[in-house]
Amino acid sequence: MPRLVDHTERRKVIIETTWRIIAEQGIENASMRDIARECGYAAPGILAHYFPNKNALLLAAYELICQRTNERIALSTKAKRGRHALRALCFEIIPAEDLTTVEARVAVSFWQRAQSDPELRRVGRDALTQWHAAIMSCLAEEITDRPEAAFGEPDLVAHELLNTMMGLHITAMLDPETVSGSRQRRLIDFMLERIS
């Protein structure tokens with residue numbers, strides 16, 4: 001009797017292997033042959049059953065990173081409101097933990113390619129738009145719950161937070177000892193103090 005293959009699980013393994021190779025070797029050095037070998041396949045042809053080419057695999061990998069970040073945000077903010085939800089949201093985006101550090105290394109690689117790949121740019125732009133809306137929602141809750149919390153224009157606050165978090169992806173990659181996870185969390189807390 002032939003062995004049943006869980007194609008969804010196999011696709012996920014291929015994507016996660018791709019993340020690991022990109023995080024270790026860079027996006028340009030992540031060949032289909034290396035990815036196939038790391039997945040335990042003798043030839044890269046098996047990957048074509050799931051992804052027609054490297055660009056399709058990279059797009060799926062970037063989409064999954066954004067999806068998983070959004071899932072973690074939803075889980076960590078579920079029982080929170082206002083600045084407490086905002087803090088939890090930020091802590092899921094910044095590369096302050098092992099998982100988010102790997103994701104950040106991979107995401108930064110995608111940002112470079114997104115300059116010339118409109119589909120990758122769309123995925124990144126959609127994630128930023130979604131995070132901006134979530135931040136704005138948290139700020140609106142904070143204003144509702146604490147009308148005295150006057151912190152300027154919410155849209156500017158949201159953009160400042162987003163740009164700081166995206167900047168942390170780069171600075172934490174370039175200088176991980178200085179821009180440690182605890183330092184990133186302290187920076188976010190410092191910024192959120194103005195809201196509280």
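Trainee: Let's open with helix 1 and helix 5: at what angle do they pack, and how far apart are their axes?

Mentor: Happy to start there. Two packed helices are described by the angle between their axes and the distance between the axes. In this predicted model, helix 1 and helix 5 pack at about 80°, and their axes are 9 Å apart. Angles of 65 to 115 degrees count as roughly perpendicular, so helix 1 and helix 5 are roughly perpendicular to each other.

Trainee: Which residues make that contact?

Mentor: Helix 1 brings Trp 19, Ile 22 and Ala 23, while helix 5 brings Val 102, Arg 105, Val 106, Ser 109 and Phe 110. Sorted by class, the contact of helix 1 with helix 5 has six nonpolar, one polar and one charged residues.

Trainee: How should I read helix 3 and helix 6 by that approach, as roughly parallel or roughly perpendicular?

Mentor: Use the angle and the distance again. The axes of helix 3 (residues 54-77) and helix 6 come within 9 Å and cross at roughly 10°. Angles under 35 degrees count as roughly parallel, and helix 3 and helix 6 are therefore roughly parallel to each other. On the helix 3 side, the contact includes Leu 58, Tyr 62, Cys 66, Asn 70 and Ile 73; on the helix 6 side, it includes Leu 120, Val 123, Ala 127, Gln 130 and Trp 131. By class, the residues of this contact divide into nine nonpolar, four polar and three charged.

Trainee: Now the core. Which residues touch the most other members of the largest nonpolar core?

Mentor: The general idea first: in soluble globular proteins, nonpolar side chains tend to be buried together. Here the largest nonpolar core has 59 residues, and Ile 14, Leu 86, Phe 110, Ile 135 and Met 165 touch the most other members. Helices 1 through 8 each supply at least two residues of this core. Its largest share, ten residues, comes from helix 3.

Trainee: What does Ile 14 touch?

Mentor: Not counting residues up to four places away in sequence, Ile 14 touches Ile 35, Cys 39, Tyr 41, Leu 47, Tyr 50, Phe 51 and Leu 57.

Trainee: Stepping back, how many helices and strands does the chain have?

Mentor: The chain comes to eight helices and zero strands. The C-alpha atoms fill a box of roughly 65 × 40 × 30 Å along the principal axes. Of the 196 residues, 44% are buried. Among contacts with a separation of 6 or more, 69% join residues 24 or more positions apart.

Technical notes: Residues are numbered from 1 along each chain as its sequence is written. This is a predicted model: local features need pLDDT of at least 70, side-chain atom pairs count only at pLDDT 80 or more; totals for chains, interfaces and linings use all residues. Side-chain values use heavy atoms; hydrogens and water are left out. Axes are lines fitted to C-alpha atoms, for helices over the stretch in contact, and angles run from 0 to 180 degrees between N-to-C directions. Helices (H or I, at least four residues) and strands (E, at least two) are DSSP runs, numbered from the N terminus. Angles under 35 degrees count as roughly parallel, over 145 as roughly antiparallel, 65 to 115 as roughly perpendicular and the rest as oblique. Contact means heavy atoms within 4.5 Å. Ala, Val, Leu, Ile, Met, Phe, Trp, Tyr, Cys and Pro count as nonpolar, Asp, Glu, Lys and Arg as charged, and the others, Gly among them, as polar. A nonpolar core is a set of buried Ala, Val, Leu, Ile, Met, Phe, Trp, Tyr and Cys residues joined through side-chain atoms within 4.5 Å. Buried means under 20% relative accessible area, exposed over 50%, partly exposed in between (1.4 Å probe, protein chains only).
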